[in-house]
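Here is a short tour of the model, written to be read beside the sequence and the 3D view. Keep both open as you go.

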Amino acid sequence: MHDNALEFLDNVLKSQLRDMLVPLLDGKITVGERAHLANRLVRAKIDNREHAVAALVNSDDPWLKSCGAYAIGTFGLKSLECGI
């Protein structure tokens, strides 16, 4: 079912969105490749989980801030608790 969903997205999304989204959902893409793609998309160097969560918390987007706050609690990132 997952492969069918990826194929569907590959066929219906415009190329720019497809090139950004599909690799993030594809289980055959390594974590390193996903990190490289994410760094390119956000134009920032994110070396670890803490940097990624800090980028979410520091975003201007309320939804991303909420995701960052959730990640802080889920991952127990004590060093970022004061930033929210």
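## Ser59 and the loop around it

Ser59 is buried, with a relative accessible area of 15%. For that scale, buried means under 20% relative accessible area, exposed means over 50%, and partly exposed is in between, using a 1.4 Å probe and protein chains only. You will find Ser59 in the loop between H4 and H5. If its neighbours within four places in sequence are set aside, Ser59 is in contact with Leu64 and Lys65, where contact means heavy atoms within 4.5 Å.

Before going further, please note that this is a predicted model, in which local features need pLDDT of at least 70, side-chain atom pairs count only at pLDDT 80 or more, and totals for chains, interfaces and linings use all residues. Residues are numbered from 1 along each chain as its sequence is written, and side-chain values use heavy atoms, with hydrogens and water left out.

How do other residues of this loop compare in exposure? Asn58 also lies in the loop between H4 and H5, and it counts as exposed at 60% relative accessibility. Asp61 is found in that loop too, but Asp61 is partly exposed, with a relative accessible area of 34%. For a sense of distance, the C-alpha atoms of Asn58 and Gly73 are 16 Å apart in space and 15 residues apart in sequence. Asp61 and Asp19 are 42 residues apart along the chain, with 22 Å between their C-alpha atoms.

## The chain as a whole

Stepping back, the protein chain has five helices and zero strands. Here helices (H or I, at least four residues) and strands (E, at least two) are DSSP runs, numbered from the N terminus. Read from the N terminus on, the elements run α-α-α-α-α.

The C-alpha atoms fill a box of roughly 45 × 25 × 20 Å, taken along the principal axes. Of the 84 residues in the protein chain, 19% count as buried. Among contacts with a separation of 6 or more, 20% come from residues 24 or more positions apart.

## How H1 meets H2

Helix H1 (residues 2-12) and helix H2 (residues 15-25) pack at an angle of about 175°, and their axes are 10 Å apart. That makes H1 roughly antiparallel to H2. The axes are lines fitted to C-alpha atoms, for helices over the stretch in contact, and angles run from 0 to 180 degrees between N-to-C directions. Angles over 145 degrees count as roughly antiparallel, under 35 as roughly parallel, 65 to 115 as roughly perpendicular, and the rest as oblique.

On the H1 side, the contact is made by His2, Leu6, Leu9 and Asp10, while H2 brings Arg18, Val22 and Leu25. These residues divide into four nonpolar, one polar and two charged. In this grouping, Ala, Val, Leu, Ile, Met, Phe, Trp, Tyr, Cys and Pro count as nonpolar, Asp, Glu, Lys and Arg as charged, and the others, Gly among them, as polar.

Leu9, in helix H1, is partly exposed, with a relative accessible area of 21%. Leaving aside its neighbours within four places in sequence, Leu9 is in contact with Arg18, Val22 and Leu25. The C-alpha atoms of Leu9 and Leu21 are separated by 8.8 Å, at 12 residues apart along the chain.

## The largest pocket

How much space lies in the largest pocket? It comes to about 690 Å³, where a volume is the space filled by probe spheres set on grid points joined across faces, edges and corners. On a 1 Å grid over the protein atoms alone, a pocket is an open set of points with protein on both sides within 12 Å along at least five of seven lines, and lining residues have an atom within 4 Å of a point.

The lining of the largest pocket has 23 residues, of which Ala38, Ile46, Ala52, Val53 and Leu56 lie nearest its centre. Helix H3 (31-42), H4 and helix H5 (62-75) are the elements that give two or more residues to this lining. H3 gives the most, with seven residues. By class, the lining has 16 nonpolar, four polar and three charged residues.

Definitions and conventions
1 Å grid on protein atoms, 1.4 Å probe; cavity = no way out; pocket = protein on both sides within 12 Å on 5 of 7 lines; lining within 4 Å.
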